[in-house]
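Subject: Structure for you to look over

Dear colleague,

Here is the structure I said I would pass on. My notes on it follow below.

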Amino acid sequence: MTDSLTLSVSSPDEAREPFLRLVARAELVDGQHPFNDQAQIDAGKGARSLLLAERGGTVVGAAIVGQGELEFVIDPEWREEGLGRQLLDIVLRNNAQGPLLAWAHGDHPASRRLAATHRFDAVRTLLQLRRELSATSPAPRTEIPAGFEVVPYRGGRDADDWVELNARVFAGHAEQGSITADDLRFRQSESWFDPDDFLLLRDGDGRLVGYNWLKVEPGDRVGEIYVVGVEEGHAGQGLGRHLMNAGLNRLVERGCTQAALYVDADNTRAVALYRSLGFTDHTIDVQYAQRTARRTAR
């Protein structure tokens, strides 16, 4: 008789080591991180619950639940044993928050099967695009319209201006648009944060109108266009393309050999810009919405 799966709520400090080991193994096998940044930040702050899944005293999976969302992963060594289904059953059985949204990082057949059997429908598709970088073939240094300048992030006023602009640019994007000053400070404490990788675009009056925030993990040769945005009133002036090229050249300076970014598949204007800059498909993330609260299993 095999041991049953158990889920327990863990504090970020207690769960840190087993959680990081699990995430590293999953990322190595799957080629992408099993949890998004905001979910991990919220778990670290206690705004969402971090659950460790164990069988026979061994950590075999983890989940982050809260604020109407769910993400989970099973250790690659323990897959194909029905543990993902068991974990999802337990979470849904104990969920009192109403229907959940769930991310599947990678459009895997197993995720689609779980979605179908647990009454989840695909509602959003997030593309990860990549392109090669080379010091011998840098991105073109496009001309910036007169009166604008790109400067590195230096905190203080920059932080307040960025939080305000980011909320406007992503007003229709619940995750990105809801980032607070506390969330920004949390990201600044991460090992990957470098203020010189945070490019701000200001107009002639010093007003922040755009940005390109880069993320380069220590030792990683793949640099990420973490988030890029231009105020709607300044669209169509080539500012987004200028920020993108400035970011790509900065990644080359950092020694990156590839650039990666995430974009919603239905954001046709942004997708067209990125493809014109040489980005191509790498992976697909799918967000699922639970149709109705599932009945408690007997």
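In this predicted model, strands β9 (residues 208-215) and β10 (residues 222-230) run antiparallel and are joined by six bridges. Within that pairing, Asn212 stands opposite Val228 of β10. Val228 also falls under the UniProt annotation "binding site", to which I return below.

Both strands belong to an open sheet of twelve strands with mixed pairing, in the order β1-β2-β3-β4-β5-β12-β6-β11-β10-β9-β8-β7. The edges are held by β1 (6-10) and β7 (149-152); each has a single partner strand, so one side of each is left without a neighbour in the sheet. From one strand to the next the twist averages 25°.

Helix α3 (residues 83-93) touches β1, β2 (49-55), β3 (58-66), β4 (69-74), β6 (120-132) and β12 (280-290), and its direction makes about 150° with that of β4. Helix α9 (residues 268-276) touches β6, β10, β11 (258-264) and β12, with its direction at about 165° to that of β11.

In α9, the residues Ala270, Val271 and Tyr274 are buried. Seen down the helix axis, the buried residues of α9 fall within an arc of 100°, so they line one face of the helix. They pack against β6, β10, α8 and β11. The face turned away from the buried side carries Thr268 and Arg269, which are exposed. After α9 comes Gly278, with a positive phi near 100°.

Back in β9, the residue I would look at is Trp213. Its relative accessibility is 1%, under the 20% limit, and therefore Trp213 counts as buried. Leaving aside neighbours within four places in sequence, Trp213 is in contact with Trp162, Leu184, Arg187, Trp192, Phe193, Asp197, Phe198, Glu224, Ile225, Tyr226 and Val227. From the C-alpha atom of Trp213 to that of Leu22, 191 residues apart along the chain, the separation is 28 Å.

Now the annotated site. According to the unreviewed UniProt entry, "binding site" covers Val228, Gly229, Val230, Ala235, Gly236, Gln237, Gly238, Leu239, Gly240 and Arg241. Are they buried or exposed? Leu239 has a relative accessible area of 2% and is buried, while Arg241, at 34%, is partly exposed. With neighbours within four places in sequence set aside, Leu239 is in contact with Ile144, Pro145, Phe148, Leu201, Val230 and His234. Arg241, not counting residues up to four places away in sequence, touches Thr142, Leu273, Ser276 and Leu277. Of these, Leu273 and Ser276 lie within the span of α9, residues 268-276.

Last, the division into domains. The protein is split into domain 1 (6-118) and domain 2 (129-282). Taken over C-alpha atoms, the centres of the two domains are separated by 29 Å. Six residues from domain 1 and seven residues from domain 2 make up the contact.

Regards

How values were computed
Residues are numbered from 1 along each chain as its sequence is written. This is a predicted model: local features need pLDDT of at least 70, side-chain atom pairs count only at pLDDT 80 or more; totals for chains, interfaces and linings use all residues. Side-chain values use heavy atoms; hydrogens and water are left out. UniProt positions are given in the numbering used here, feature names are shortened, and annotations may be inferred rather than shown by experiment. Buried means under 20% relative accessible area, exposed over 50%, partly exposed in between (1.4 Å probe, protein chains only). Contact means heavy atoms within 4.5 Å. Two strands pair if DSSP finds at least two bridges between them. Helices (H or I, at least four residues) and strands (E, at least two) are DSSP runs, numbered from the N terminus. Axes are lines fitted to C-alpha atoms, for helices over the stretch in contact, and angles run from 0 to 180 degrees between N-to-C directions. The arc is that of the directions from the helix axis to the C-beta atoms. Domain bounds come from an automatic or database domain assignment.
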